[in-house]
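Biologist: Could we go through this structure together, beginning with a single side chain?

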Amino acid sequence: RRRRADGPLQAMNFEWVHAVAAVSAAAWLFLILFRGSFWKADQRLPSVPEDRATPPDVVVVIPARNEEGSIGKTVASLLRQDYPGGFHIVVVNDNSTDATARDARDAAQTIAGGASRLTVLDGAPLAPGWTGKLWAVHQGVQKAEDINPSAAYVLLTDADIEHGERSLLRLVDQAERGGYDLVSLMVLLQCRYFWERWLIPAFVFFFQKLYPFRWVNDPKNGTAAAAGGCMLVRRSALRKIGGIGAIADQLIDDCALAAAIKKGGKIWLGLTEDTVSLRSYEALGEIWRMVARSAYEQLRHSVLLLLGTVIGMVAIYLVPPLATIGGIAAADSALAAFGIVAYGAMTAAYRPTLRLYGLNGAWALALPGAGLLYTLMTLDSARRHWRGKGGAWKGRYQGSLRDKK
């Protein structure tokens with residue numbers, strides 16, 4: 001009755017609003033049913049059988065640039081591994097201006113036999129055409145060839161990761177039993193402060209939606225991804241793709257490595273609770289910089305993909321609560337129904353990831369706000385790229401290497 005009184009234009013507006021809300025609800029149902037069950041957060045390393053054979057040798061490579069606050073814990077956690085095979089650690093001190101190298105050596109001294117299993121390599125100045133991290137990794141992998149050329153695997157890990165005591169054994173066992181050339185873990189990120197609780201599980205949720213882990217782990221599916229904090233790489237597969245130099249200019253290096261390896265091999269990606277990040281994000285700005293560093297790179301610097309991403313994020317994350325509230329306020333049962341279906345599906349899908357982080361399910365109601373903030377971070381990432389400040393990390397601007405060729 002109200003629509004007829006307001007005329008056909010008002011009726012058209014209501015129909016348009018209903019259509020958008022219906023699309024949002026349909027999108028969430030599609031994501032839950034047909035997007036590789038990404039929301040279940042159920043891809044985990046299996047336990048290691050007791051009758052296992054002695055595992056092969058591994059060389060661990062850690063690129064480290066100004067990591068004095070965490071490198072000691074990382075090195076110590078690796079030297080304490082329950083790993084019956086041989087392994088050696090190479091820390092590449094990437095032109096640090098702090099006590100990174102000293103802290104790594106000091107940590108090794110506190111563990112019996114630790115000093116003999118650690119090499120600290122002073123990195124060379126950044127070479128043209130390389131991102132900083134990959135240049136350090138490349139030098140570490142080359143050093144690993146000198147230390148143990150017969151080692152079957154290289155573990156690439158960040159300098160702010162504390163590894164569970166059986167993490168290396170489980171990674172190698174997964175690679176050996178499954179014939180995987182790359183086994184990677186999305187480590188458990190810090191989730192203590194307010195901004196972390198609001199945004200970090202959402203980051204993991206978005207990553208799983210972008211790269212459904214079951215699809216990544218399916219050799220018949222072309223989806224490829226990895227998590228750079230913890231990547232076990234079969235050495236023969238690394239050599240096959242041409243080494244780290246094959247991805248020298250990639251800012252999102254983990255996914256680039258996964259894509260290169262999956263073209264001729266098998267990869268696996270999962271979640272973990274006992275290998276954790278030591279890096280905290282107390283303020284919004286810290287998370288903002290982390291995302292803005294590479295978000296536009298993920299979109300291949302495409303304005304069309306940026307526009308599509310913004311529209312998609314609004315439709316998927318902001319429309320559900322707005323339709324729910326607007327429908328109830330306007331006594332529009334159809335609009336409210338579409339909103340409730342979409343919002344309910346969203347919150348239900350998010351809860352397994354919240355459980356992984358030990359958070360109350362009520363945090364799911366705040367996911368639309370997280371989606372809005374991540375959309376703004378992505379827009380800011382594009383702005384930084386256009387200003388020539390893309391890829392800013394630890395004093396380097398690396399986001400436009402390929403554009404400069």
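Biologist: Is F203 buried, exposed or partly exposed?

Modeller: F203 is partly exposed, with a relative accessible area of 23%. Buried means under 20% relative accessible area, exposed over 50%, and partly exposed in between (1.4 Å probe, protein chains only). This is a predicted model: local features need pLDDT of at least 70, side-chain atom pairs count only at pLDDT 80 or more, and totals for chains, interfaces and linings use all residues. Residues are numbered from 1 along each chain as its sequence is written, and side-chain values use heavy atoms, with hydrogens and water left out.

Biologist: How many aromatic pairs are there?

Modeller: The count is 18 aromatic pairs. Rings of Phe, Tyr and Trp (its six-membered ring) pair if their centres lie within 6.5 Å; planes under 30 degrees apart count as stacked, over 60 as edge-to-face and the rest as tilted. F203 and Y374 form a tilted pair, 6.5 Å centre to centre with 35° between the planes. Helices (H or I, at least four residues) and strands (E, at least two) are DSSP runs, numbered from the N terminus.

Biologist: And why is the pair of F206 and Y317 edge-to-face?

Modeller: Their planes stand at 65°, with the ring centres 5.2 Å apart, so the pair is edge-to-face. F206 is buried at 13% relative accessible area, and Y317 is buried at 0%. Both belong to one aromatic cluster, whose members include W28, F38 and Y350.

Biologist: Changing topic: which residues of α4 are buried?

Modeller: In α4 (residues 100-109), T100, A101, D103, A104, A107 and A108 are buried. Seen down the axis, they fall within an arc of 170° (taken from the directions from the helix axis to the C-beta atoms), so they line one face of the helix. R102 and Q109, on the other side of α4, are exposed.

Biologist: What does the side chain of T100 make a polar contact with?

Modeller: The partner is the side chain of D98, at 2.7 Å. A polar contact is a pair of N or O atoms within 3.5 Å; within protein, one must be able to donate a hydrogen and the other to accept it, and residues adjacent in sequence count only if both atoms are side-chain atoms.

Biologist: How many residues of β1 are buried?

Modeller: Seven of the seven residues in β1 are buried.
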